[in-house]
Amino acid sequence: MTFYIDYAHKLPGHPLCGRDHGHTAKVLIEIEGDVKGGPNYKDNMLIDFAEMKRICKIVLDEIDHRNLNELFTMPTSEVIANWIYHQLIERIPVVEVVFFEGNGKWCKITS
């Protein structure tokens, strides 16, 4: 499932990113598991997409339109993606979070 968030941050000590700036990030969240099957539609899916979207939105709303230096000591893409992954792993069967910091720059956190 794909989401977008906007955020501001700076990376103290970095020659370019040490200044306040912002990004629109694309966040891909992948789930995985076994479908048990059965007569109920819920038995034939890992999670209803509407429920997955609701849960992911709760987590992503915590960092959307925020200055991430208020939440993280060093808000790199890797730190942000790792935080998202660990917030979701308790709630849905997430196996991968891919975090795109703008175009052409991304990191991936996997189980």
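## Report on the predicted protein chain

H65 is exposed, with a relative accessible area of 60%, in a model that is predicted. This histidine is found in the loop between α1 and β3, the latter covering residues 66–67. The backbone of H65 has a phi near 55°, a positive value in a residue other than glycine. Most residues other than glycine have a negative phi.

**Overall architecture**

The secondary structure of the protein chain comes to two helices and five strands, and from the N terminus on these elements follow the order β-β-α-β-α-β-β. The C-alpha trace spans about 60 × 25 × 20 Å along its principal axes. Of the 111 residues in the protein chain, 36% are buried, and the accessible surface comes to about 6800 Å², with carbon and sulfur atoms providing 52% of that area. Among the contacts with a separation of 6 or more, 54% are made by residues 24 or more positions apart in the protein chain. As for charge, the protein chain carries 12 positive and 16 negative side chains, and the centres of these two sets lie 4 Å apart.

N44 is found in the loop between β2 (21–31) and α1 (49–61), where the residue is partly exposed, with a relative accessible area of 42%. The C-alpha atoms of N44 and E32 are 13 Å apart in space, while the two residues are 12 residues apart in sequence.

G104 lies in another part of the chain, in the loop between β4 (94–101) and β5 (106–110), and is exposed, with a relative accessible area of 63%. Although G104 and P15 are 89 residues apart in sequence, their C-alpha atoms are 20 Å apart in space.

S77, by contrast, is placed in helix α2, which covers residues 77–88, and S77 is buried, with a relative accessible area of 12%. Leaving aside neighbours within four places in sequence, the contacts of S77 are with F99, E101 and C107.

**Cysteines**

How many disulfides does the structure hold? The structure holds zero disulfides. The sulfur of C17 has its closest cysteine sulfur in C107, and because the two are 13 Å apart, they are too far from each other for a bond. C56 is likewise in no disulfide, the nearest cysteine sulfur being that of C107, 16 Å away. As to cover, C17 is buried, with a relative accessible area of 18%, and C56 is also buried, at a relative accessible area of 1%.

**Accessibility of the residues discussed**

The table below gathers the relative accessible areas given above.

| Residue | Class | Relative accessible area |
|---|---|---|
| C56 | buried | 1% |
| S77 | buried | 12% |
| C17 | buried | 18% |
| N44 | partly exposed | 42% |
| H65 | exposed | 60% |
| G104 | exposed | 63% |

Technical notes: Residues are numbered from 1 along each chain as its sequence is written. This is a predicted model: local features need pLDDT of at least 70, side-chain atom pairs count only at pLDDT 80 or more; totals for chains, interfaces and linings use all residues. Side-chain values use heavy atoms; hydrogens and water are left out. Helices (H or I, at least four residues) and strands (E, at least two) are DSSP runs, numbered from the N terminus. Buried means under 20% relative accessible area, exposed over 50%, partly exposed in between (1.4 Å probe, protein chains only). Contact means heavy atoms within 4.5 Å. Accessible areas come from the Shrake-Rupley method with a 1.4 Å probe; for residues, only the protein chains shown count as cover. Lys and Arg count as positive and Asp and Glu as negative; His and the chain ends are not counted. The place of a charge is taken as NZ of Lys, CZ of Arg, CG of Asp or CD of Glu. A disulfide is a pair of cysteine sulfur atoms within 2.5 Å.
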